[in-house]
Amino acid sequence: MNRGLQSRAGSGGKPARYPFVFILRTPHARRDEPTMNALYLRAFALFAALRILSLSLHFMGDNPYGEPVVLNPDRFLPNAAFHEAGLIMAWCLILASLDAFLVRSPTGRSGTGRAGTIGPHGSRGSAVLRALCLLGGCLYIGFCQIDNEVVRWMGEHINVSFLCTYFGFRDSFMWGRVIKADWLHFLIAALLMAAPWYPAWRLWRRRDADRALGTAWAPVALVLSAVFISFPFWFHYSDKRWRRIRPAPWGIIADTWKGFAGQEEPRNRLRAYSDLIAMVRTGKPSSTDLAAIPAYPLLDSDNLGSLSPEAFKALPLDQRPNIVLLIVETLRGWKTGLVDDPSMPSQTPHLDSVLLSEGLCFPWTHSNGFPSVEGGIGIHLGLWPHFRRTFISDYIHVRSRSIPEGLRLLGYRSEILFGYDPSFDNFTPWLRKWYDRYEYDPSRRNDGPLIDRLMSIIDTLPTDRPFMTALWTTTMHPPFDVPADAGYPPAKDADEAYNQAIGYTEKHILRLFKHLKERPDFKRTLVILVGDHSDYTAWQMRNTEVVGELNPGHTWTNLAFWGGWPGLGPRGRREETVSQIDIAPTLFTMLNARFPNHFIGRSLLQPSQRDILCMRYGHLALISEASRTVFHMEADSIWHWDLDKHRKIDYALLEGNTAQATRAAPPGFDPERYRDMARAYGRVLDRDALLPPDPGR
């Protein structure tokens, strides 16, 4: 009997110093058989216990809005717990096997030979493997805990593009707001991330860490790990449930493999590119295939106005309006009164009145992606997001032309004022590319001071050339906290906090409008107000099987054009459904200017009806005037709704809605053609084929 393996509590001695010793009451190795080190079994017990605890707290806990993360934890927790326990078991078993058979000492027993030993851990190779087991387990626990928090806040797992987008941000104020609103969960998460490190260090320092176990149990462990890993696939399998519980490392590996294996190539290239071009031009797939694929499928110059940049710059100053772009953070379309629905009163009645009487309003506007990184791309570049990757982190290198860059061709100066650190969303390199100047000051932490600063910038800009100024607001970003001196009582829940935030922002936007009206150049001022995206409710977040993975809570926002410039044309409310990618072609059509571009949208000056395509993390949504169809790039699941756009609760698919989802494709809808279209669009981005090289740029 190997004395070092005996539990002191079980042998009549002093109580065991270590909590995992009792697990090792297994047959010990004979001198003539391969052995496995006991450290790996202890490591499995440690990491599996912590991960199961973390998953239990996650699926049985609340999201930041105070609602359950999932409605029925018993449908998710067993699958997730068994699957991750199996992964951890496989990790420890693989390293233990390598330790036993590949790095054995000269005497034939791991860790007992003298040649090449270091301290209590036998051969150097064994020490490396054991350190890898402990370090890898600690890192896995920490990374998966971070992923749990991302799922709680955003409803999606970490992927490669997410890491590229949010790695290295510096916005301590934004983080402070988020942590303050959810401090207890962040504290628990931090404790769980720190929990494995000290026990792992104690396992590493144990003097009996090299004691050996026989390998008779290894086949049993191998079978158990296979059964546990496959548990979600044979126990009430659901593709939606699997995507919800899949550990983040799996997703990162899968994303990497898809790109390496060419799985994102169009299945039918000619038809896919034909559909892509037709969707851009008409809003519908093509009825005929192209004879050849253009080098730049989205390149166009006939979708805007008629004046060249040189001709536009020669116009009188009063025909070249100043542009003010207001990007309102997290603007929910159902919270305003641009849609007249008495059953859901407006939270912005005064702003509604101004926009409806003096502006051109599009109440049924949708962002083409979610969150802000995708909304910002749609607004500035007039492009869809990528169906899987994050555009802003993966495609900074491609040739493109944004609204401020187009205005620069026309002789404009452009500046943007950010309400939060642009590095938070990896916007900084894009702002340097798009604008002549960008500004972020952490002392201006709410929309009131930001509007004051914007008015100051406008008042100091030169008046001998047109300008574009932009503001991205911040108060309406979750957790929707308003400044203490704003006079609001403490909010009872997240919905009341949002109502306070949108009321606060409305007040300061109206101050800006008043200031612009009092300026002598108001007659050549054009304001564009648009939400960067919407924000799903807590009920939508936990009922994705009812409202879909890409629902109006992600996309429905508002768009309005306002100002004193006569070129704005007829005012009032328009009924058609539109999207953010329509802003760029509409603006340059208003200005009657043209240049080569890749804008996917169309001008809104002439009413027209066409379908809108939205993308987010593998999900696609096709939105028409009275319906919404959501499907996945890799799964067969489909949701379809026929919607009443004048009834907010139904159009937004809020709690209590009466819209009935069908799980079958509507007549004439072929999801594979839209999937292939999205793949073709992805290849345009991958090949840097938006615009040809421009020697003058």
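Two strands are taken to pair if DSSP finds at least two bridges between them, and helices (H or I, at least four residues) and strands (E, at least two) are DSSP runs, numbered from the N terminus. The model is predicted, so that local features need pLDDT of at least 70 and side-chain atom pairs count only at pLDDT 80 or more, whereas totals for chains, interfaces and linings use all residues. Residues are numbered from 1 along each chain as its sequence is written, and side-chain values use heavy atoms, with hydrogens and water left out.

An open sheet is formed by five strands in the order 12-13-14-15-16, with antiparallel pairing. Strand 12 (612-616) and strand 16 (661-662) stand at the edges with a single partner strand each, so one side of each lacks a neighbour in the sheet. Strand 12 is joined to the antiparallel strand 13 (residues 619-623) by five bridges, and Met 615 lies opposite Leu 620 of strand 13.

Helix 12 (residues 269-282) packs against helix 26 (residues 671-686) at an angle of about 85 degrees, the axes being 8 Å apart; axes are lines fitted to C-alpha atoms, for helices over the stretch in contact, and angles run from 0 to 180 degrees between N-to-C directions. Helix 12 is therefore roughly perpendicular to helix 26 (65 to 115 degrees; under 35 counts as roughly parallel, over 145 as roughly antiparallel and the rest as oblique). The contact (heavy atoms within 4.5 Å) includes Tyr 273 and Leu 276 of helix 12 and Met 677 and Tyr 681 of helix 26.

Helix 1 (residues 38-59) and helix 7 (residues 197-205) pack at about 170 degrees, with axes 11 Å apart, which makes helix 1 roughly antiparallel to helix 7.
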